[in-house]
Amino acid sequence: MEVRAIVSLSDFEAAHALIKAMGKWDAEESRKFRVPDVVLMDYIYGHTIETLMEKFRQRGAGFFLASVDKYLAGCAGYSKSDDGIAELQKMYVRPEARGRGVAKGLMTACLDRMREDGYASVRLETVTFMSDAIALYEGFGFKRSGHFRAVPQSLKPITIFMERTL
């Protein structure tokens, strides 16, 4: 397995495709909780390739791709929140690549780079039905925390916020 920083337009295009796949799956699952697709897409998945590039090319941000046997397996990134704390975002591993250490590799790359960027803590937002992701986050020392941003009403019942120190 290889994890590398995203640097080129083609890398961002690949990451965008992964995020679209994650959004499709997330929408299917969120419908079970009566979350309208439009709410989910506007809140989390509204990025274009250009806005991803703008967000993750900023100072204090990073974005990574993971490959298994030259097959694109997942992505994860982080950026600086308005109050200066690192926020893990866009973590996704294709279903067929799960259980092969991809998520751990992506998480390690993000946390290492966050430390290099001088962050003292990191936080993230997830949902209750992403149990494998929650287990991964807890395994990396994340604990549930209070809300750090407003969430659309339909997402409130299933949203979880987590954080940890670096």
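Which residue forms a salt bridge with Arg100, and how far apart are the closest N and O atoms? The partner is Asp69, with the closest N and O atoms 3.6 Å apart. A salt bridge here is a side-chain nitrogen of Lys or Arg within 4 Å of a carboxyl oxygen of Asp or Glu.

This is a predicted model, in which local features need pLDDT of at least 70 and side-chain atom pairs count only at pLDDT 80 or more, while totals for chains, interfaces and linings use all residues. Residues are numbered from 1 along each chain as its sequence is written, and side-chain values use heavy atoms, with hydrogens and water left out.

**Salt bridges**

- Arg100 lies in the loop between β4 and α4 and Asp69 in the loop between β2 and β3, so their bridge ties together parts 31 residues apart in sequence. Helices (H or I, at least four residues) and strands (E, at least two) are DSSP runs, numbered from the N terminus.
- Arg100 is partly exposed, at 47% relative accessible area. Asp69 is exposed, at 67%. Buried means under 20% relative accessible area, exposed over 50%, and partly exposed in between (1.4 Å probe, protein chains only).
- The whole structure holds nine salt bridges.
- Glu29 and Lys32 form one of them, at 3.1 Å from N to O. Glu29 is buried, with a relative accessible area of 18%. Lys32 is exposed, at 60%.
- Asp37 bridges to Arg31, with the closest N and O atoms 2.9 Å apart. Both residues are partly exposed: Asp37 at 32% and Arg31 at 45%.
- Glu87, Glu125 and Arg149 are linked in a salt-bridge network.

**Nonpolar cores**

- The largest nonpolar core has 28 residues. Such a core is a set of buried Ala, Val, Leu, Ile, Met, Phe, Trp, Tyr and Cys residues joined through side-chain atoms within 4.5 Å.
- Leu88, Met107, Met114 and Tyr137 have the most contacts inside this largest core.
- Elements that each supply at least two residues of this core include β2 (62-68), β3 (71-80), β4 (86-93) and α4 (102-116). Others are β5 (121-127), α5 (131-139) and β7 (159-165).
- Helix α4 gives the largest share of this core, seven residues.
- A second, separate core has 27 residues, among them Leu40, Tyr45, Leu65 and Tyr92.
- Leu88 touches Gly77, Tyr78, Met107, Cys110, Met114, Val122, Arg123, Leu124 and Tyr137, leaving aside residues up to four places away in sequence. Contact means heavy atoms within 4.5 Å.

**Aromatic rings**

- The count comes to seven aromatic pairs. Rings of Phe, Tyr and Trp (its six-membered ring) pair if their centres lie within 6.5 Å; planes under 30 degrees apart count as stacked, over 60 as edge-to-face and the rest as tilted.
- Trp25 and Phe129 have ring centres 5.7 Å apart and planes at 65°, so this pair is edge-to-face.
- That pair links distant parts of the chain, with Trp25 in helix α1 (residues 9-31) and Phe129 in the loop between β5 and α5, 104 residues apart. Trp25 is partly exposed, at 30%, and Phe129 is buried, at 16%.
- Phe129 also pairs with Phe33, and this pair is stacked: 5.7 Å centre to centre, with 10° between the planes.
- Phe33 sits in the loop between α1 and α2 (37-43), 96 residues from Phe129. Phe33 is partly exposed, at 38%.
- Phe12, Phe56 and Phe63 form one aromatic cluster.
- Arg123 lies over the face of Phe148, 4.4 Å from the ring centre. A charge sits over a ring if NZ of Lys or CZ of Arg is within 6 Å of the ring centre and within 35 degrees of the ring normal.

**Two helices**

- Helix α1 has 23 residues and should span 33 Å at 1.5 Å a residue; its end C-alpha atoms are 32 Å apart, which agrees. The expected span is 1.5 Å times one less than the number of residues.
- Buried residues of α1 include Phe12, Ala15, Leu18, Ile19 and Met22. The buried residues of α1 pack against β1 (2-5), α2, α3 (49-56), β2, β3 and β4.
- Among the buried residues of α4 are Val102, Leu106, Met107, Cys110 and Met114.
- Gly118 follows α4, and its phi is positive, near 90°.
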